[in-house]
Amino acid sequence: MATKEQKRDFITFNDWTKEEMEQLIGKAIALKKSGYAAGNGKKPFEGKILAMVFFNSSLRTRTSLQAGMHKLGGTALDLAIGQGVWDLEHRENAVMDGKAAEHIKDAAKVLSRYCDAIGVRKFPEMKDWQEDRKDGVVRGFAKYADVPVINLESGMEHPCQALADLMTMKEALGSLKGKKVLLTWTYHPKALPMAVPNSVALAAGKMGMDLTIACPKGFELDDAIMKTVQKSCSLNKAKLEVVHGQEKAYKGADVVYAKSWGSLLHYGDPEAEAKAKQGLKHWIVDMAKMKKSNNARFMHCLPMRRNVEATDEVVDSGNSVIYQQAENRMHAQNSLLMELMGK
Ligand code: CP
């Protein structure tokens, strides 16, 4: 077992360099090409155990980790909080006289005695942005665990998704530098977290891609995230623009990444958010808009509301790489787990 000083976490894209990301992606592509053939008998995760702590629902993250660990000889434990696993408290020095029976400090220490890595998914409460943006649960696990902790989507980031997204773009486009990503906001009946758009923006900036973020006024991303993205783009001499219209944004795009997210102006106030979104149903990716792009690949992290976020015609078109993206979650995470847990 790695000592606490030796362990490395995967909480945010910011903590990993561009070169490290390129290495992870290269290894993920090689793993995918290998087909996980049993022929050579290599099972790098034999005897390794990953604990997956889910505070929220998941299809892809849960299954891709389970499948990936299994293919490489390891085991993944699915711990769904509140469903047979104790509710957890994360606040420091909390007086625990409420619902939670256990503190993450104790849970992280105990899981570290059984497991070689811990993945944690904790969506934001969507009440107080200043509180949610601290990612208290995921960062708390990283602080107290003695083994690597992987962010499986927090309030701020979904780095495993972004790693798979970059892998998918690399497969589709070759070199990423100078390629244009359009990250377009889409209508959605609910106010959704910002982890995925934040991660797409951070990832594109880090890899030197030109990035256009199209969203209605009032739906801009977090200032601190945008400052980091701006810094990466400047460093890489890449273009960054935020626009509030759709038509021109598609021009020259090599990737159209669709995603809905909530407004920080109305954070914690679903009624105000719903009112602000009235008249925004035309923020949908359709074929007429895609035709303005540079024959762009269509991407979405899933799950997706069809014919609300994007039309069936786009989602089912030859340019859609959504299933490749989902498959790549497994390869990208296996590459990451090899790095974190040792081969
Ligand atoms: N994209 C993604 O993380 O999917 P799940 O929420 O189903 O895990």
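The buried residues of helix H8 pack against helix H7 (195-206), strand S8 (210-214) and strand S9 (240-243), where helices (H or I, at least four residues) and strands (E, at least two) are DSSP runs numbered from the N terminus, and contact means heavy atoms within 4.5 Å. This is a predicted model, in which local features need pLDDT of at least 70 and side-chain atom pairs count only at pLDDT 80 or more, while totals for chains, interfaces and linings use all residues. Residues are numbered from 1 along each chain as its sequence is written, and side-chain values use heavy atoms, with hydrogens and water left out.

The buried residues in H8 are Ile-225, Met-226, Val-229, Ser-232 and Cys-233; buried means under 20% relative accessible area, exposed over 50%, and partly exposed in between (1.4 Å probe, protein chains only). They cover an arc of only 125 degrees around the axis, taken from the directions from the helix axis to the C-beta atoms, which puts them on the same side of H8. An α-helix has 3.6 residues a turn, so residues three or four places apart point the same way. On the face turned away from the buried side, H8 carries the exposed residues Asp-223, Lys-227, Lys-231 and Leu-235.

At its N-terminal end H8 is capped by Asp-222, a side-chain oxygen of which lies 3.2 Å from the backbone nitrogen of Ala-224. Just after H8, Lys-237 takes a positive phi of about 55 degrees.

Turning to the ligand, the residues around the ligand (a heavy atom within 4 Å) include Arg-60, His-158 and Leu-302. A polar side-chain atom of Arg-60 lies 2.9 Å from an oxygen atom of the ligand, and an N or O atom in the side chain of His-158 is 2.8 Å from an oxygen atom of the ligand. From Leu-302 a polar backbone atom is 2.9 Å from a nitrogen atom of the ligand. Taken alone, the ligand exposes 260 Å², of which the protein buries 94% (Shrake-Rupley method, 1.4 Å probe).

Finally, Lys-122 is found in the loop between S5 and helix H4 (129-132). Is this lysine, Lys-122, buried or exposed? Lys-122 is buried, with a relative accessible area of 16%. Lys-122 touches Phe-55, Asn-56, Val-137, Val-138, Glu-153, Ser-154 and Gly-155, not counting residues up to four places away in sequence.

Definitions and conventions:
Polar contact = N/O pair within 3.5 Å; in protein donor to acceptor, adjacent residues only side chain to side chain.
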